[in-house]
Structure formats: structure tokens, C-alpha cells
Amino acid sequence: MWNLIFWIICLLINLGLLAIVFYSLLCLTDLEVDQMDPFVATANINRWILLEFALQAALSILLLFTGHWILFLVAVPLTCYHAMLFIRRQHLIDVTEVFRNLNTDKKHRMIKLGVYMIFFTICIFRFVLNSVYNYPDFSLSTCFNYLLV
């Protein structure tokens, strides 16, 4: 049961990371086509950066403490990149340089989106696999019976 809860937590963390990166990518795209003011775009993106870093660190720590070494080794480079940006104080987008770094920021976020999509796919696969192997008798009808009782 704990393994199933672990994968549910990983799915929720990955879903949050995907939402944050997709939203920041959407803000950068709106900024590029002049649909959004640079001040509003940077404020919207900067609001979610620290939460993204915290969720990525929590995911890495969770993978480390639960013994999922391969996934941990895949997650560590992105966590180290976030830590490096935070230590150098380069994690926030500057309003005055947003247009100069727009393509670079979009590329970085596209790479992050790809990494988070891979993690999300792995978590969904492991969640379903764990559910099927640990609970073979659990079907949709038994789920409805539990809900009705």
C-alpha cells in the first residue's frame, strides 16, 4: 500500500511541475507575440519559480529516501541546475533583459517540460503496474461498492 501512495505522491508532484513549466512557457510565448506586458509576464513567471524548485527538490529527496536510485540519478542533474541558478541568484527573470534572453529561456523550459513529461510517464506506468500487481482483484465494480458503503 505504501508503494502505491508513493507513486500517487510522485504523480501529484510531477503534475504540479508540468503545470508550472507549461504556464511559464505559455507566458513567454504570449510575451513573444506581444499578447502580454513584460512586467506582467515576468511577475507571473517569477511567482512560480521557487515553488518549482521546491517541488523538484522534494521529488529528488523522495526518490532518494525510498531507494529509487535510477530515477533519482535522472532527477539529480535538474535539481543541481536549479540549485546552481538559485545560488548564483539567476533564477528570476529580469524585466529589462527578458527580450534578450527569451529564446534561451524558452529552450530551457522546453527541455524541462520534456524531462517532466518523461517522469510523468514513468510515474503513471509504475502506478498502474503497481496497482495491477498488488491488487489484482480490485476492479471498477469493487471501487463502486466501496464508494456506496
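The structure, a predicted model, holds one aromatic pair. Local features need pLDDT of at least 70 and side-chain atom pairs 80 or more, while totals for chains, interfaces and linings use all residues. Residues are numbered from 1 along each chain, and side-chain values use heavy atoms, without hydrogens and water.

Visitor: Which kind of pair do the rings of F6 and W7 form, stacked, tilted or edge-to-face?

Guide: Rings of Phe, Tyr and Trp (its six-membered ring) pair if their centres lie within 6.5 Å; planes under 30 degrees apart are stacked, over 60 edge-to-face and the rest tilted. The centres of F6 and W7 are 4.8 Å apart and the planes stand at 70°, so the pair is edge-to-face.

Visitor: Is A57 buried, partly exposed or exposed?

Guide: Buried means under 20% relative accessible area, exposed over 50%, and partly exposed in between (1.4 Å probe, protein chains only). Because A57 has 26% relative accessibility, the residue counts as partly exposed.

Visitor: Which element gives the most residues to the lining of the largest pocket?

Guide: On a 1 Å grid over the protein atoms alone, a pocket is an open set of points where a 1.4 Å probe fits, with protein on both sides within 12 Å along at least five of seven lines; lining residues have an atom within 4 Å of a point. The largest pocket is lined by 18 residues. Helices (DSSP H or I runs of at least four residues, numbered from the N terminus) giving two or more of them are α2 (38–66), α3 (69–87) and α4 (102–134). With five residues, the most is given by α4.
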